[in-house]
Amino acid sequence: MVAIRGYDDSTDRGQVIELWRTVFGYEAAHNEPSLAISKKTATNDGMFFVASKEGRIVGTVMAGYDGHRGWLYAVAVHPDQRCSGLGRKLVRCAEEALTEVGCMKINLQLLVTNEATSAFYKSLGYSVEPRVSMGKILHANVPVNSVAVKRED
Ligand SMILES: CC(C)(COP(=O)(O)OP(=O)(O)OC[C@H]1O[C@@H](n2cnc3c(N)ncnc32)[C@H](O)[C@@H]1OP(=O)(O)O)[C@@H](O)C(=O)NCCC(=O)NCCS
């Protein structure tokens with residue numbers, strides 16, 4: 001049985017890093033998992049959830065709310081746990097957390113090549129919006145020795 005609960009840094013960090021390495025791979029320093037986890041837990045916003053099955057972390061989702069939009073990040077299900085509704089449950093959990101804080105709209109970003117995940121989100125009620133996604137790295141906050149990761153958000 002899979003339970004979704006809040007991330008606990010005392011027990012979950014190593015497993016989440018391993019899961020993200022499996023699911024996302026590595027390329028960009030600002031997405032280095034341990035750094036991303038530390039930055040997220042420092043906000044203490046209660047919007048980082050894990051799916052645990054018999055003590056093993058098999059899924060994650062992070063949400064964020066800035067007072068205007070809600071965002072989803074790091075939606076990940078271990079390859080051996082896919083297609084059983086876990087991704088849907090993780091997203092619903094994040095949606096509930098964002099609803100509770102008053103969020104009216106959720107955004108997320110995907111690589112344009114990630115058609116499978118686009119289909120996943122469409123089945124959950126999300127739609128592709130005609131927007132140009134732009135970003136800028138604030139290098140002052142990215143440690144020069146960070147391990148790189150592939151996720152591009
Ligand atoms: C996307 C992902 C989270 C889906 O997890 P999952 O547990 O397999 O998804 P679910 O079983 O909850 O599927 C929910 C719905 O999405 C659909 N879906 C899931 N994966 C799909 C795929 N690869 N192609 C098409 N539809 C898909 C399912 O058919 C289901 O639809 P239904 O309810 O109409 O039957 C998982 O494949 C994953 O971790 N992918 C890699 C990470 C990633 O790209 N994350 C997003 C960037 S933040």
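**Exercise 1. Determine which strands helix 1 lies across, and at what angle helix 1 runs to strand 3.**

Solution. In this predicted model, begin with helix 1, residues 9–23. Helix 1 lies across strand 2 (48–53), strand 3 and strand 4. Its direction makes about 85 degrees with strand 3. Next take helix 3, residues 86–100, which also packs on the sheet. Helix 3 touches strand 1, strand 2, strand 3, strand 4 and strand 5, and its angle to strand 3 is about 35 degrees.

**Exercise 2. Work out the order of the strands in the sheet, and explain why one side of strand 1 and one side of strand 5 have no neighbour in the sheet.**

Solution. Step one: the five strands form an open sheet in the order 1-2-3-4-5, with mixed pairing. Step two: strand 1 (2–6) and strand 5 (106–107) stand at the edges. Each of these has a single partner strand, so one side of each is left without a neighbour in the sheet.

Step three is to go through the pairs. Strand 1 and strand 2 run antiparallel and are joined by five bridges. Strand 2 and strand 3 are antiparallel too, with six bridges. These two strands form a hairpin with two residues between them, and Glu 54 in the turn has a positive phi of about 50 degrees. Strand 3 (residues 56–65) and strand 4 (residues 70–77) run antiparallel and share six bridges. In this pair, Tyr 65 has Gly 70 of strand 4 as its bridge partner.

**Exercise 3. Find the residues of helix 3 that are buried, and explain why they line one face of the helix.**

Solution. First, the length: helix 3 has 15 residues and spans 21 Å from its first C-alpha to its last, close to the 21 Å expected. Second, the buried residues are Gly 87, Leu 90, Val 91, Cys 93, Ala 94, Ala 97 and Leu 98. Third, seen down the helix axis, these buried residues fall within an arc of 155 degrees, so they line one face of helix 3.

Just after the helix, Gly 102 has a positive phi of about 95 degrees.

**Exercise 4. Decide whether Ala 76 is buried or exposed.**

Solution. Ala 76 lies in strand 4. The cut-off for a buried residue is 20 or more other C-beta atoms within 10 Å. Ala 76 has 24 within that distance, so Ala 76 is buried. Beyond four places in sequence, its contacts are Leu 19, Trp 20, Val 23, Phe 24, Gly 59 and Thr 60. One of these, Gly 59, is 17 residues from Ala 76 in sequence but 5.3 Å away in space, C-alpha to C-alpha.

Note on methods: Residues numbered from 1 in each chain as written. Predicted model: local features only at pLDDT ≥ 70, side-chain atom pairs only at ≥ 80, totals over all residues. Pairing = 2+ DSSP bridges. Helix = DSSP H or I, 4+ residues; strand = E, 2+ residues; numbered from the N terminus. Contact = placed C-beta atoms within 7 Å. Axes fitted to C-alpha atoms, helices over the stretch in contact; angles between N-to-C directions. Expected span 1.5 Å × (residues − 1). Buried ≥ 20, exposed ≤ 12 C-beta atoms within 10 Å, placed from the backbone. Arc of directions from axis to C-beta.
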